[in-house]
Amino acid sequence: MLKSYSPFLKHLQNLLASQTELPDFSKQVESAVNGLASSQLENLVSRAQLKKSGAFFSSPELSRRVACELKSNNRKTALVVDPACGAGNLLLAAASDLAVAPTLSATLKSWGTKLAGFDIHDEFVKATHLRLALYACHRGAKFDLPLDSAISDYFPNIKKADGTVAIASLQSKRCHILLNPPYAVVKTPQNYNWISGNVNQAAVFLVQCIEKLKPQSRITAILPDVLRSGTRYAKWRNQLEEIVSIKKIESVGNFITADVDVFVIDLEIDNTKPGLAPGVTWWEDNISQKISDNFHVSVGAVVKHRINKNDKIVPYIHAKGLPQWGEITNPTESVAFSGRIESPPFVVIRRTSSPSDKKRAIATIVTGKRKVAIDNHLLICTPKAGGYAQCKKLIGILKDDTTNLHLNNRIRCRHLTVGVVKDIPAP
Ligand SMILES: C[S@@+](CC[C@H](N)C(=O)[O-])C[C@H]1O[C@@H](n2cnc3c(N)ncnc32)[C@H](O)[C@@H]1O
């Protein structure tokens, strides 16, 4: 229960009841069906609660971007479904293409047969009903309902439920699913062998929906970028390619309310033609020369909190204080460590990096005669044929704007991985 969201529901109810009597009715409705649901969510509900239920609403732009795939689905869709509908942003974007009848009752009667949605929070479901009704008025439907009329009755398919289960109840109709699922971190369900331990709920949610849908159903989903680009999700991507036909994959930048980079995937349940459609890739992959041609790439072996004080003392470097794009010779810091140590010269790259950084793969050359232990927040590139000149050349490549562009397209989450660095173009 998100009781703290109730004042926003009251506001929507009052707005609908007041109708055109309010001098700024139009302006208020515009705000209620656009960004207000999100800003009220942030004002009224604690950040901890939002994170726990994965409640971050799509912006109007992102919602329109997703809903425009309804038009590319040339088979007539009987039902547009958002299985995790929140306050209805994706359904509102879908409703922009639905016809408006002269009266509100006739409009909602028709929209109620074309839209479906679920959310585990009753307050969000009610907000969806009210915002759809306000949107219909905004588009010219004349208010003709008795004041005590239950708007919810017009939307029998938009209700409180676990979307991953309730979606199975819609199987008699051809569905186009619009989805921005919760992104909370959860334990991987037992029957999923494509990942172990914790998993981003979005990965599970999508698969659970796919499992329940009929052939030819379509899904357009907004998902966190880690699913597109992360090494941990390689098996999840393979699994998708085995069970659905993927028509589009597109990075769309930052999903601001949740502060996470996202991509849009468009797919069809079609086990006769599974896999990536011609021209579709998870990332640009026609790279002829890569860093891995000339360098071994690995992660530093030192995990600071696991250090055993009785181990041998060796030279040590970590990200803090390393000269960016410069060199360090015979590091002066040391650590007790008996694991893998590296022979200079080599290049280290900071693992933490964000698409908003000016340069993403900030690097330093390490030289000197003594072997060095490397912190695990650094990636190491050791020239296969040895040599300082190779390291210098690599610094030039990493500093170049084309590498930034490549990385921003390839991985938008905040940790560079070994696989991603190996694949950096190195002409
Ligand atoms: C990222 S928000 C997206 C909301 C909406 N689709 C949008 O794009 O604005 C995810 C929503 O999923 C809801 N949710 C979480 N688990 C759910 C589940 N098992 N079934 C249905 N909804 C769920 C949350 O309450 C939240 O409103």
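Predicted model: local features only at pLDDT ≥ 70, side-chain atom pairs only at ≥ 80, totals over all residues.
Biologist: Which residues of helix α13 are buried?

Modeller: In α13, which spans residues 234–243, the buried residues are W236, R237 and L240. They lie on the same side of the helix, because the arc they cover around the axis is only 100°.

Biologist: What lies on the face turned away from that buried side, and what covers the buried residues?

Modeller: The face turned away carries K235 and E242, both exposed. The cover over the buried residues of α13 includes the helices α11 (201–212) and α12 (225–229). It also includes the strands β7 (218–224), β8 (245–255) and β9 (260–268).

Biologist: How should I read a sheet, and what is the strand order in the open sheet of 3 strands?

Modeller: Strands of a sheet pair through backbone hydrogen bonds, in either a parallel or an antiparallel manner. Here the order is β14-β12-β17, and the pairing is mixed. β14 (334–336) and β17 (373–374) are at the edges with a single partner strand each, so one side of each has no neighbour in the sheet. Strand β12 (residues 313–317) runs antiparallel to β14 and is joined to it by 3 bridges; P315 has S334 in β14 as its bridge partner.

Biologist: At what angle do the axes of α1 and α3 cross?

Modeller: Two packed helices are described by the angle and the distance between their axes. For α1 (residues 6–18) and α3 (residues 36–44), the axes cross at roughly 145° and come within 9 Å.

Biologist: Which residues meet there?

Modeller: From α1, P7, F8 and H11 meet L36, A37, Q40 and L44 of α3. By class, this contact has 5 nonpolar residues, 2 polar residues and no charged ones.

Definitions and conventions:
Residues numbered from 1 in each chain as written. Heavy atoms only, no water. Buried < 20%, exposed > 50% of the residue type's maximum accessible area, 1.4 Å probe, protein only. Helix = DSSP H or I, 4+ residues; strand = E, 2+ residues; numbered from the N terminus. Arc of directions from axis to C-beta. Contact = heavy atoms within 4.5 Å. Pairing = 2+ DSSP bridges. Axes fitted to C-alpha atoms, helices over the stretch in contact; angles between N-to-C directions. Nonpolar A, V, L, I, M, F, W, Y, C, P; charged D, E, K, R; others polar.
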